[in-house]
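Hello,

Here is the structure I promised to pass on. Please open it and keep it beside you while you read my notes below.

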Amino acid sequence: MKTIGDKLEAFSVTRHSPHTARRAPALLARALTIAGSDSGGGAGIQADLKTFSAFRVYGMSVLTAVTAQNTVGVQGVETLSPAFITAQFESVVSDIGLDALKIGMLGTAAVVVAVATMIAKAGLTNLVVDPVMVAKSGDHLLAENAVHALRTRLLPLALVITPNLPEAEALVGGPIRTLYEMREAARRLHALGPHWVVIKGGHGGGDTVTDLLYDGQTFDRLDGARIDTPHTHGTGCTFSAAMTACLARGKTVPEAFAAAKQYTHAAIVAAPGLGHGHGPLNHLVSPWDESNRVKNAEDAEGLCHD
(Lines give C-alpha, C1' and ligand atoms only; values in the text may rest on other atoms or scores of the structure.)
Protein backbone atom coordinates (compact mmCIF):
# COMPACT_ATOMS: atom_id res chain seq x y z
CA MET A 1 0.00 0.00 0.00
CA LYS A 2 1.31 3.42 -0.91
CA THR A 3 1.82 5.98 1.79
CA ILE A 4 2.16 9.73 1.58
CA GLY A 5 5.90 9.19 1.86
CA ASP A 6 5.85 7.92 -1.71
CA LYS A 7 5.92 10.44 -4.51
CA LEU A 8 2.39 10.91 -5.81
CA GLU A 9 1.68 10.02 -9.38
CA ALA A 10 1.10 12.89 -11.76
CA PHE A 11 -2.43 13.73 -12.77
CA SER A 12 -3.26 13.39 -16.44
CA VAL A 13 -5.66 15.59 -18.36
CA THR A 14 -7.57 13.94 -21.19
CA ARG A 15 -7.74 15.97 -24.38
CA HIS A 16 -10.70 15.44 -26.67
CA SER A 17 -12.22 16.99 -29.75
CA PRO A 18 -15.67 18.62 -29.98
CA HIS A 19 -16.86 15.42 -31.67
CA THR A 20 -16.39 13.47 -28.43
CA ALA A 21 -18.01 16.06 -26.15
CA ARG A 22 -21.11 13.92 -25.68
CA ARG A 23 -18.92 11.32 -23.96
CA ALA A 24 -17.79 13.78 -21.29
CA PRO A 25 -18.71 11.53 -18.31
CA ALA A 26 -16.11 9.03 -19.51
CA LEU A 27 -13.48 11.70 -20.14
CA LEU A 28 -13.92 14.07 -17.22
CA ALA A 29 -13.94 13.04 -13.57
CA ARG A 30 -17.20 13.88 -11.78
CA ALA A 31 -17.66 14.82 -8.12
CA LEU A 32 -20.79 15.59 -6.14
CA THR A 33 -21.10 17.69 -3.01
CA ILE A 34 -24.04 17.29 -0.63
CA ALA A 35 -23.87 20.33 1.62
CA GLY A 36 -25.27 23.72 2.56
CA SER A 37 -24.96 26.97 0.65
CA ASP A 38 -22.74 29.74 2.02
CA SER A 39 -23.99 33.02 0.59
CA GLY A 40 -20.59 34.58 1.27
CA GLY A 41 -18.91 32.03 -0.99
CA GLY A 42 -16.19 30.96 1.43
CA ALA A 43 -17.46 27.58 2.57
CA GLY A 44 -20.18 25.04 1.75
CA ILE A 45 -21.03 24.10 -1.80
CA GLN A 46 -19.45 27.29 -3.13
CA ALA A 47 -16.04 26.31 -1.73
CA ASP A 48 -16.55 22.72 -2.87
CA LEU A 49 -17.37 23.59 -6.47
CA LYS A 50 -14.48 26.04 -6.73
CA THR A 51 -12.13 23.38 -5.37
CA PHE A 52 -13.44 20.77 -7.81
CA SER A 53 -12.76 23.20 -10.66
CA ALA A 54 -9.24 23.88 -9.40
CA PHE A 55 -8.56 20.14 -9.67
CA ARG A 56 -10.20 20.00 -13.13
CA VAL A 57 -13.12 17.92 -11.94
CA TYR A 58 -16.73 18.42 -13.04
CA GLY A 59 -18.69 19.46 -9.94
CA MET A 60 -22.34 18.89 -9.07
CA SER A 61 -24.31 19.79 -5.97
CA VAL A 62 -27.18 18.72 -3.77
CA LEU A 63 -28.23 21.50 -1.41
CA THR A 64 -29.23 20.55 2.11
CA ALA A 65 -29.67 24.07 3.47
CA VAL A 66 -29.40 27.70 2.49
CA THR A 67 -27.63 30.11 4.84
CA ALA A 68 -27.49 33.87 5.13
CA GLN A 69 -23.78 33.99 5.92
CA ASN A 70 -20.73 36.20 5.59
CA THR A 71 -17.26 36.40 7.12
CA VAL A 72 -18.68 37.72 10.40
CA GLY A 73 -21.27 35.03 11.10
CA VAL A 74 -24.40 33.11 10.14
CA GLN A 75 -27.48 35.33 10.16
CA GLY A 76 -30.01 32.68 9.15
CA VAL A 77 -30.48 29.07 8.06
CA GLU A 78 -33.25 27.45 6.01
CA THR A 79 -33.02 23.65 5.89
CA LEU A 80 -34.45 21.91 2.84
CA SER A 81 -36.79 18.97 3.24
CA PRO A 82 -35.37 15.41 3.13
CA ALA A 83 -37.70 14.67 0.21
CA PHE A 84 -36.33 17.53 -1.90
CA ILE A 85 -32.74 16.68 -0.97
CA THR A 86 -33.38 13.13 -2.16
CA ALA A 87 -34.97 14.43 -5.37
CA GLN A 88 -31.87 16.50 -6.17
CA PHE A 89 -29.64 13.50 -5.56
CA GLU A 90 -31.67 11.15 -7.74
CA SER A 91 -31.85 13.74 -10.51
CA VAL A 92 -28.07 14.10 -10.70
CA VAL A 93 -27.04 10.50 -10.16
CA SER A 94 -29.56 8.99 -12.57
CA ASP A 95 -28.40 11.17 -15.45
CA ILE A 96 -24.81 12.40 -15.05
CA GLY A 97 -23.41 9.89 -12.56
CA LEU A 98 -20.39 10.47 -10.35
CA ASP A 99 -16.94 9.17 -9.52
CA ALA A 100 -16.77 10.43 -5.92
CA LEU A 101 -18.87 12.44 -3.52
CA LYS A 102 -18.52 14.37 -0.30
CA ILE A 103 -20.92 15.31 2.44
CA GLY A 104 -20.74 18.54 4.41
CA MET A 105 -23.42 20.43 6.33
CA LEU A 106 -26.56 18.36 6.95
CA GLY A 107 -28.19 20.35 9.73
CA THR A 108 -30.73 17.94 11.23
CA ALA A 109 -31.06 14.29 12.20
CA ALA A 110 -33.80 13.81 9.60
CA VAL A 111 -31.49 15.03 6.85
CA VAL A 112 -28.63 12.81 8.09
CA VAL A 113 -30.90 9.76 7.94
CA ALA A 114 -32.24 10.69 4.49
CA VAL A 115 -28.76 11.22 3.05
CA ALA A 116 -27.41 8.00 4.57
CA THR A 117 -30.38 6.09 3.20
CA MET A 118 -30.03 7.36 -0.36
CA ILE A 119 -26.27 6.75 -0.43
CA ALA A 120 -26.64 3.21 0.89
CA LYS A 121 -29.44 2.52 -1.59
CA ALA A 122 -27.29 3.77 -4.48
CA GLY A 123 -24.36 1.63 -3.31
CA LEU A 124 -21.90 4.53 -3.42
CA THR A 125 -18.59 3.85 -1.68
CA ASN A 126 -16.16 6.57 -2.86
CA LEU A 127 -17.49 8.82 -0.11
CA VAL A 128 -15.80 11.57 1.92
CA VAL A 129 -17.68 12.70 5.03
CA ASP A 130 -16.77 16.08 6.49
CA PRO A 131 -18.83 16.15 9.73
CA VAL A 132 -19.62 19.87 9.69
CA MET A 133 -20.92 20.98 13.08
CA VAL A 134 -19.86 24.59 13.73
CA ALA A 135 -19.05 27.48 11.39
CA LYS A 136 -15.77 29.39 11.74
CA SER A 137 -17.79 32.16 13.42
CA GLY A 138 -18.94 29.75 16.14
CA ASP A 139 -22.51 29.35 14.85
CA HIS A 140 -23.85 25.79 15.14
CA LEU A 141 -24.68 24.06 11.86
CA LEU A 142 -25.70 20.62 13.17
CA ALA A 143 -28.40 19.93 15.73
CA GLU A 144 -27.22 18.16 18.88
CA ASN A 145 -29.61 15.26 18.33
CA ALA A 146 -28.12 14.70 14.87
CA VAL A 147 -24.67 13.68 16.14
CA HIS A 148 -25.86 10.18 17.06
CA ALA A 149 -27.38 9.68 13.60
CA LEU A 150 -24.15 10.90 12.04
CA ARG A 151 -22.09 8.42 14.06
CA THR A 152 -24.34 5.41 13.52
CA ARG A 153 -25.87 5.93 10.06
CA LEU A 154 -23.40 7.94 7.98
CA LEU A 155 -19.85 7.36 9.19
CA PRO A 156 -20.05 3.58 8.58
CA LEU A 157 -20.67 4.30 4.87
CA ALA A 158 -17.61 6.52 4.42
CA LEU A 159 -14.39 5.71 2.65
CA VAL A 160 -12.79 8.54 4.61
CA ILE A 161 -13.93 11.05 7.24
CA THR A 162 -12.21 14.41 7.81
CA PRO A 163 -13.13 15.94 11.20
CA ASN A 164 -11.19 18.82 12.70
CA LEU A 165 -10.28 18.66 16.38
CA PRO A 166 -13.57 20.07 17.79
CA GLU A 167 -15.60 17.78 15.53
CA ALA A 168 -13.51 14.76 16.50
CA GLU A 169 -14.00 15.67 20.16
CA ALA A 170 -17.77 15.79 19.69
CA LEU A 171 -17.76 12.43 17.93
CA VAL A 172 -15.63 10.61 20.51
CA GLY A 173 -16.93 12.51 23.55
CA GLY A 174 -13.65 13.71 25.00
CA PRO A 175 -10.87 16.29 24.70
CA ILE A 176 -8.06 16.00 22.13
CA ARG A 177 -5.03 18.07 23.06
CA THR A 178 -1.97 15.97 22.23
CA LEU A 179 -0.70 13.85 19.36
CA TYR A 180 -1.33 10.76 21.48
CA GLU A 181 -4.96 11.82 21.99
CA MET A 182 -5.30 12.45 18.24
CA ARG A 183 -4.14 8.90 17.58
CA GLU A 184 -6.52 7.44 20.15
CA ALA A 185 -9.41 9.45 18.73
CA ALA A 186 -8.57 8.20 15.23
CA ARG A 187 -8.73 4.61 16.49
CA ARG A 188 -12.11 5.20 18.10
CA LEU A 189 -13.48 6.90 15.00
CA HIS A 190 -12.22 4.10 12.79
CA ALA A 191 -14.12 1.65 14.97
CA LEU A 192 -17.34 3.40 13.91
CA GLY A 193 -16.95 2.04 10.40
CA PRO A 194 -15.10 4.37 7.99
CA HIS A 195 -12.19 2.82 6.11
CA TRP A 196 -9.91 5.82 6.67
CA VAL A 197 -9.85 8.59 9.27
CA VAL A 198 -8.26 12.01 8.86
CA ILE A 199 -7.98 14.23 11.93
CA LYS A 200 -6.97 17.78 11.09
CA GLY A 201 -4.95 19.70 13.64
CA GLY A 202 -5.64 23.26 12.55
CA HIS A 203 -7.51 24.08 15.77
CA GLY A 204 -4.56 23.01 17.92
CA GLY A 205 -1.77 25.17 19.28
CA GLY A 206 1.85 25.67 18.37
CA ASP A 207 3.68 26.74 15.25
CA THR A 208 3.07 23.47 13.40
CA VAL A 209 -0.23 22.06 12.15
CA THR A 210 -0.25 18.26 12.21
CA ASP A 211 -2.83 16.23 10.30
CA LEU A 212 -3.14 12.47 10.77
CA LEU A 213 -4.34 9.75 8.41
CA TYR A 214 -5.26 6.33 9.81
CA ASP A 215 -6.40 3.19 7.99
CA GLY A 216 -6.97 0.97 11.01
CA GLN A 217 -3.38 -0.25 11.11
CA THR A 218 -0.91 2.53 10.38
CA PHE A 219 -0.70 6.27 10.82
CA ASP A 220 0.60 8.73 8.25
CA ARG A 221 1.34 12.28 9.25
CA LEU A 222 1.68 15.61 7.48
CA ASP A 223 3.09 18.69 9.17
CA GLY A 224 2.77 22.25 7.92
CA ALA A 225 3.68 25.67 9.25
CA ARG A 226 0.81 27.42 11.01
CA ILE A 227 -0.20 30.60 9.18
CA ASP A 228 -1.03 33.59 11.38
CA THR A 229 -4.18 34.82 9.67
CA PRO A 230 -7.90 35.24 10.40
CA HIS A 231 -8.72 34.26 6.82
CA THR A 232 -9.43 30.56 7.26
CA HIS A 233 -13.17 30.42 6.57
CA GLY A 234 -13.97 27.26 4.63
CA THR A 235 -10.73 25.36 5.26
CA GLY A 236 -12.55 22.16 6.24
CA CYS A 237 -14.83 22.26 3.21
CA THR A 238 -11.89 22.99 0.93
CA PHE A 239 -9.75 20.18 2.34
CA SER A 240 -12.48 17.54 2.04
CA ALA A 241 -13.46 18.77 -1.44
CA ALA A 242 -9.84 18.50 -2.56
CA MET A 243 -9.69 14.92 -1.29
CA THR A 244 -12.94 14.15 -3.11
CA ALA A 245 -11.65 15.62 -6.36
CA CYS A 246 -8.50 13.52 -6.16
CA LEU A 247 -10.50 10.37 -5.43
CA ALA A 248 -12.73 11.14 -8.42
CA ARG A 249 -9.58 11.24 -10.53
CA GLY A 250 -8.58 7.79 -9.36
CA LYS A 251 -6.01 8.69 -6.72
CA THR A 252 -5.50 6.71 -3.53
CA VAL A 253 -6.57 8.05 -0.15
CA PRO A 254 -2.96 8.80 0.92
CA GLU A 255 -2.37 10.65 -2.35
CA ALA A 256 -5.58 12.61 -1.92
CA PHE A 257 -4.65 13.43 1.69
CA ALA A 258 -1.29 14.90 0.68
CA ALA A 259 -2.71 16.86 -2.25
CA ALA A 260 -5.54 18.28 -0.12
CA LYS A 261 -3.08 19.39 2.56
CA GLN A 262 -0.93 21.20 0.02
CA TYR A 263 -3.82 22.87 -1.81
CA THR A 264 -5.52 24.09 1.38
CA HIS A 265 -2.24 25.45 2.73
CA ALA A 266 -1.58 27.32 -0.51
CA ALA A 267 -5.14 28.69 -0.58
CA ILE A 268 -4.74 30.07 2.96
CA VAL A 269 -1.40 31.68 2.09
CA ALA A 270 -3.02 33.39 -0.91
CA ALA A 271 -6.22 34.41 0.92
CA PRO A 272 -7.59 37.65 -0.62
CA GLY A 273 -8.45 39.30 2.72
CA LEU A 274 -12.14 39.80 2.02
CA GLY A 275 -14.71 40.79 4.62
CA HIS A 276 -14.52 42.06 8.20
CA GLY A 277 -14.25 38.70 9.97
CA HIS A 278 -12.89 35.26 9.09
CA GLY A 279 -12.26 35.74 5.39
CA PRO A 280 -12.30 33.08 2.67
CA LEU A 281 -9.40 31.25 1.07
CA ASN A 282 -8.22 31.80 -2.47
CA HIS A 283 -9.52 28.79 -4.39
CA LEU A 284 -7.89 30.04 -7.58
CA VAL A 285 -4.45 28.80 -6.54
CA SER A 286 -3.06 25.89 -8.50
CA PRO A 287 -3.07 22.49 -6.79
CA TRP A 288 0.19 21.80 -8.59
CA ASP A 289 2.18 24.87 -7.51
CA GLU A 290 5.43 23.41 -6.15
CA SER A 291 6.31 26.65 -4.33
CA ASN A 292 3.76 25.73 -1.65
CA ARG A 293 4.83 22.14 -1.16
CA VAL A 294 3.96 20.56 2.20
CA LYS A 295 6.21 17.75 3.41
CA ASN A 296 5.46 14.85 5.68
CA ALA A 297 7.28 13.90 8.87
CA GLU A 298 10.03 12.10 6.94
CA ASP A 299 10.51 15.10 4.59
CA ALA A 300 9.50 12.86 1.67
CA GLU A 301 7.87 14.41 -1.35
CA GLY A 302 4.09 14.57 -1.18
CA LEU A 303 3.24 16.56 -4.25
CA CYS A 304 0.45 15.87 -6.70
CA HIS A 305 1.10 17.80 -9.89
CA ASP A 306 -0.03 18.02 -13.47
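**What I found**

Start with strand β9, residues 219-225. Five of its seven residues are buried, so the strand is largely enclosed by the rest of the structure. Keep in mind that this is a predicted model.

**The β8-β9 hairpin**

Which way does β9 pair with strand β8, residues 208-214? The two run in the antiparallel sense, with seven bridges between them. To see one of these bridges, find threonine 210; its partner in β9 is aspartate 223. Four residues separate the two strands, and together β8 and β9 make a hairpin. Look at glycine 216 in the turn: its phi is positive, about 100°. As a general point, side chains in a regular strand alternate between the two faces of the sheet.

There is also a charge to look at here. The charged end of arginine 183 sits over the ring of phenylalanine 219. It lies 4.7 Å from the ring centre.

**Helix α2**

Now move to helix α2, residues 44-54. Its buried residues are Gly44, Ile45, Ala47, Asp48, Thr51, Phe52 and Ala54. Recall that an α-helix has 3.6 residues a turn, so residues three or four places apart point the same way. What covers the buried residues of α2? The cover includes strands β1 (30-38), β2 (58-69) and β4 (100-103). Helices α8 (235-248) and α9 (253-269) are also among the covering elements. After α2 comes arginine 56, with a positive phi near 60°.

**Aromatic pairs**

How many aromatic pairs are there? The count is three. I describe two of them here.

One is formed by phenylalanine 55 and tyrosine 263. Their ring centres are 5.1 Å apart and their planes meet at 70°, so this pair is edge-to-face. The pair links distant parts of the chain, 208 residues apart. Phenylalanine 55 is in the loop between α2 and β2, while tyrosine 263 is in helix α9. Are these two residues buried or exposed? Phenylalanine 55 is buried, with a relative accessible area of 0%. Tyrosine 263 is buried too, also with 0%.

Another pair joins phenylalanine 239 and phenylalanine 257. It is edge-to-face, with 6.3 Å from centre to centre and 75° between the planes. Phenylalanine 239 lies in helix α8 and phenylalanine 257 in helix α9, so the pair ties together parts 18 residues apart in sequence. Both phenylalanine 239 and phenylalanine 257 are buried.

Best wishes

Technical notes. Residues are numbered from 1 along each chain as its sequence is written. This is a predicted model: local features need pLDDT of at least 70, side-chain atom pairs count only at pLDDT 80 or more; totals for chains, interfaces and linings use all residues. Side-chain values use heavy atoms; hydrogens and water are left out. Buried means under 20% relative accessible area, exposed over 50%, partly exposed in between (1.4 Å probe, protein chains only). Contact means heavy atoms within 4.5 Å. Two strands pair if DSSP finds at least two bridges between them. Rings of Phe, Tyr and Trp (its six-membered ring) pair if their centres lie within 6.5 Å; planes under 30 degrees apart count as stacked, over 60 as edge-to-face and the rest as tilted. A charge sits over a ring if NZ of Lys or CZ of Arg is within 6 Å of the ring centre and within 35 degrees of the ring normal.
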